[in-house]
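Biologist: Could you walk me through this one? I'd like to learn how to read its pockets and then one of its helices.

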Amino acid sequence: MRLLILLFIVTLGFCAVIGAICYYNFIKGDKYSEKVLSQNNYESISVPFKRGNIYDCNGSILATSNKVYNLVIEPKNILSSARTEEDTRATLYKFFGVTKEEMDEYLKDSESWYKVIRKKLTYDEVKDYQAYMKSGEAGRVSGIRLQDEYVRSYPNNELACHMLGFVVSGNEGIGGIEGSYNSYLNGQNGRTYSYLGKDYSLQKSLERPVDGDSLVTTIDTETQRIVQKKCTEFMNEMGAKNISVLVMNPKNCEILAMYNSHQFDPNDAYSMVPTKYQFKEYQDMSDDAFKAIADEMSDEEKLKALNDLWRSFVISDSFEPGSTYKTFTISGALEDGVITGNEEFYCDGIQHVADWDIKCHNVYGHGMLTVPRALEQSCNDCLMQIAALEGSTIFDKYQVLFGFGQKTNIDIAGEGSDDDLYSMVYHEDTLNPVELATSSFGQGVTVTMMQLGTAFCSVVNGGYYYQPHVVKQILDSDGNLVQNYDKILVRRTISRDTSEQMKQILKEVVEEGTGRKAIVEGYEIGGKTGTAEKLPRGNGKYILSFIGFSPVEDPQVVIYCVVDEPGADDQSSSAAGTLLFNKIAEELLPYMNIYKTGDATPSDAIGTDEIATPVFEGAAPEISVAGSTLEENAQPAEAASQGDATESQ
């Protein structure tokens, strides 16, 4: 009886085991097979996305990502048979120059399914191998594959480098458009999964990558080339510490070109060679010799030099603008009805303000001048009288309307903080009589080129202050429109009537006044010159500038040229900014299909440039520049008698 019971229990247990096997094999088999297979997954490989392209306004590529290939071998597969190993070795020797010694080392890890042995091969380096594998002559080659990768490329090298920025490993954009639009340009990596199938064969699945969006910019490649070529010629002829140029469309504040004289190649952004200009003692040294010197620098020294190289003067650097600022003093006075433009002011060469005597650049005086003539002759004395009529409240009102002391919100990085920019001009509470007087002609205040260029566009476009921008469209990887950036109107600065009046006055500055060297034959051009002495005062170092537009009746382009410390014996009277504008405009205006509508010829552009003189009679006030400190304004003892800033044009 006990034996029967025991037999029954054993039989029952056996049936239970058989039932379980059947259940898990036939009913739950797929589920558990997937689990087992997932545990046998021997590789999960990231498939890179392609970073979006950057195009100029005409569709030319400014930045793209080119496909390259990493050569990957699978030792486990290669060693699966003697014939496979032999054929695979022969293929690697022939097409990729892999040596026997290298292969012996690679195959030591006989259980590996993934080993990268060559990186960033070009298509030319892999095309013969690909053709061979498709030819049917490859025998039993196994365990070789090409893994895609992308390398950022800038086909125009240095062209527009400060506007574009560059990319470091990991598809991280640095500076310019690459940095500001990094999240749009980047996509999402895909992934390939490899595992053993039910029959132990290798199975693969692909999660496709999502490529990044592309950008269509406002940059015009040919305009940028013209600017770069003319600036290079100018630098070779005259020389300067730095030259910067900003070209804008005044109708919408699109940036057509932006240039700094010290450039770098985004394809090799970390090269120290372009930083050589920062080291006076190495100027005459060969590039190879300088590279050896740079290799010995500390990481901190290298990074500082590179950051200075990558920095965009147009966006990030502030300076005293000089007489170009007079444009805004007069515009505000006309708009607010402080003057009508028909008044006359007397310039005797000096204006007594508070306890200070502030000079005009013409120490003998201009005599009686109308408002247009005051701007034509760049008369400091008349401008101080106009600013006094405005008073600090009205004067500061228009500083704010024109965007000084605040961000332009240009869509590429580099602008200072709100607090830093606010302190760069005197405001109503700090516009004491002396500060009001010097600010009227652009000394004591500091601006960026982007601020002044954007403000000037509003003066000549009917009074519309648009947000400057360099990107106008975002496209997906298939070329479909994702987002369109139209002009963004921020505010009105002046009325259309005042704008029309200012355009005519600025035209007379070029045809009759200090801007005559900007004349391009047959074109109507308006603009304003600027000369500002740098700190410390009395050092003979100046920033020369000219901002102009054409044609006068319907402005199509604004060109702003700034020359920092021109290479001339007398920097202040060199007219460097005006001459550079002329060189750029004479080639750029025909390229832009701007028609000739004027009668002025270059032969009319004669006369002597006015010589800069100290603004203050005697020593200058201790603090003479907004946002500066006593230490920054410190002057050498021998220069103290020469006083503060000067303004010649």
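Biologist: What volume does the largest pocket have?

Modeller: A pocket is found on a 1 Å grid over the protein atoms alone: an open set of points where a 1.4 Å probe fits, with protein on both sides within 12 Å along at least five of seven lines. Points are joined across faces, edges and corners, and the volume is the space filled by probe spheres set on them. Here the largest pocket comes to about 1,100 Å³. Keep in mind that this is a predicted model, where local features need pLDDT of at least 70, side-chain atom pairs count only at pLDDT 80 or more, and totals for chains, interfaces and linings use all residues. Residues are numbered from 1 along each chain as its sequence is written, and side-chain values use heavy atoms, leaving out hydrogens and water.

Biologist: Which residues lie nearest the centre of the largest pocket?

Modeller: Lining residues have an atom within 4 Å of a point. There are 35 for this pocket, with Lys241, Phe313, Asp317, Lys534 and Asp564 nearest the centre. Helices (H or I, at least four residues) and strands (E, at least two) are DSSP runs, numbered from the N terminus. Among those supplying at least two lining residues each are α12 (299-310) and β25 (557-566).

Biologist: How does that lining divide by residue type?

Modeller: Ala, Val, Leu, Ile, Met, Phe, Trp, Tyr, Cys and Pro count as nonpolar, Asp, Glu, Lys and Arg as charged, and the others, Gly among them, as polar. The lining splits into 11 nonpolar, 12 polar and 12 charged.

Biologist: And what is the volume of the second largest pocket?

Modeller: About 610 Å³. It's lined by 25 residues, and Tyr150, Val151, Val168, Ser169 and Gly170 are closest to its centre. β5 gives the largest share of that lining, six residues.

Biologist: What does Thr438 touch?

Modeller: Contact means heavy atoms within 4.5 Å. Leaving aside residues up to four places away in sequence, Thr438 touches Ile358, Gln443 and Phe616. What covers the buried residues of α18 includes α14 (326-335) and α16 (380-401). Just after α18, Gly442 takes a positive phi of about 85°.
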